[in-house]
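The following questions and answers are meant to be read beside the sequence and the structure.

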Amino acid sequence: MERTTIEGELPTDRDQALDRDLALALDRDDPLAPMRQAFLIPRHHDGSEQVYLVGNSLGLATVSTKSYVDTELDRWATLGVAGHFTGELAWAPYHELLTDQMAAVVGGRPEEVVVMNGLTVNLHLLLISFYRPTPERHKILIEDHAFPSDHFAVESQIRQRGFDPDDSLITVRPRPGSELLDHDDIMAAIEHHGPELAVVMLPGVQYYTGQVLPMADIVAAGNAVGAAVGFDLAHAAGNIELELHDWGADFATWCCYKYLNGGPGAVAGCYVHERHVADHSLPKLLGWWGTSKADRFDMATTFDPIPTVESWQLSNPPILMMAALRASLDTIDAAGGMSALRAKSERQIRYLDRLLELVVGDRVEAINPRPLDRRGCQFALEVTDPARDGKQVHGALEAAGVACDWRQPRVIRVAPVPLYNSFADIHRFVEILDGLV
Ligand SMILES: *Cc1c(COP(=O)(O)O)cnc(C)c1O
């Protein structure tokens, strides 16, 4: 998709920035604006629609989510156990209905992508396969500010194998005075620990700052020193364009309740590169959903792995949650897929950049990266006046009808999501923020 520039349409002074007509004009010009109608926007207590800028935490339900779920409830009510094998929506192969769409979202091939479990569960399953420590090569590289669940998963995997996190868990951190990871520092850490490095496990998009890491370069550098490279794509999937297969990433996992709108506790995604999917020498936890579909119900106890990432599946999946996720993936398709969404997202990022700069630039600092190729749609905002409590500002935003979140220690995260946020939402947010800081 062609990247449409927005520079000429952006406000150039504070008055223009506060002019709502400009936002409305941008919405009129936006080919994806009608997608908002496909979503249920929560209401503020005064009855108006919230300015919902927290899709980075929980994406919204689509109008059709309920009917997708109802369909499965009805099939259960009328078919009972026969639902497993009846019709196009048969539950036994139900996860296959999501594979192509999910693979398109992350740039994987269909045999590399499966929807299963939760993110942290998948991370454990993947580390069982890809973390094979030896006395010489036992280190895992993560980021210092890793999401706690990722940190716990990695730490416990290291202990489970009889190693000590003090020796085996290494981190890369922002330089003093910066919140962002320097690309050179990541590469240097991979180089430095090279022969001892078993796994590099980093986020695609950092959850606090919204920083996009150079995934292709990280894969190349990690693989070059002999380490497996995996990504946590919790904040990347559905937010930025991904090319997991072409980058050659070894493994990845992501949750589907953030930018993928699969609903609270949605089933997660899991990716393993094609070169590994049929590698039977990889250690793996086994379950009946990973064995050959043809003889699964023969109840034989010889494991005959499905020759795709599906062999990592353990249990038969939660159909109701998968139905909700299908509704959302269909909506992403209706919008034209990730390239169309990202094209709009870049326009919204530029618009919010400009409004913040012109309206509250003297009082609010965005600590997220500036270049478009280094950020997703999430902004990380700090109130600069040390006498102002950022957390209170966040509370006041919420009270005024802006849904956004607060992350310790210092930032208000706001994410304009191209599927359902309008330019008018962005305008309203900045107008409200202006009155609070
Ligand atoms: C949201 C998020 C998680 C959540 O993990 P679950 O297993 O889905 O509860 C984990 N890691 C990162 C980086 C996240 O952003």
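Q: How many salt bridges does a search of the whole structure find?
A: The model is predicted, so that local features need pLDDT of at least 70 and side-chain atom pairs count only at pLDDT 80 or more, while totals for chains, interfaces and linings use all residues. Side-chain values use heavy atoms, with hydrogens and water left out, and residues are numbered from 1 along each chain as its sequence is written. With a salt bridge taken as a side-chain nitrogen of Lys or Arg within 4 Å of a carboxyl oxygen of Asp or Glu, the search of the whole structure gives 26.

Q: Is Asp250, which meets Arg275 in a salt bridge, buried or exposed?
A: The side chains of Arg275 and Asp250 meet at 2.8 Å, N to O. Relative accessible area (1.4 Å probe, protein chains only) under 20% means buried, over 50% exposed, and in between partly exposed. Arg275 has 41% relative accessibility and therefore counts as partly exposed, whereas Asp250, at 4%, counts as buried.

Q: Which residues are linked with Asp353 in a network of salt bridges?
A: The side chain of Asp353 meets that of Arg350 at 2.7 Å, N to O, and that of Arg375 at 2.8 Å, N to O. Asp353 and Arg350 are separated by about one helical turn because they lie three residues apart in helix H13 (residues 337-360), helices being DSSP runs of H or I with at least four residues, numbered from the N terminus. The network links Asp353 with Arg350, Glu357, Arg370 and Arg375.

Conventions:
Helix = DSSP H or I, 4+ residues; strand = E, 2+ residues; numbered from the N terminus.
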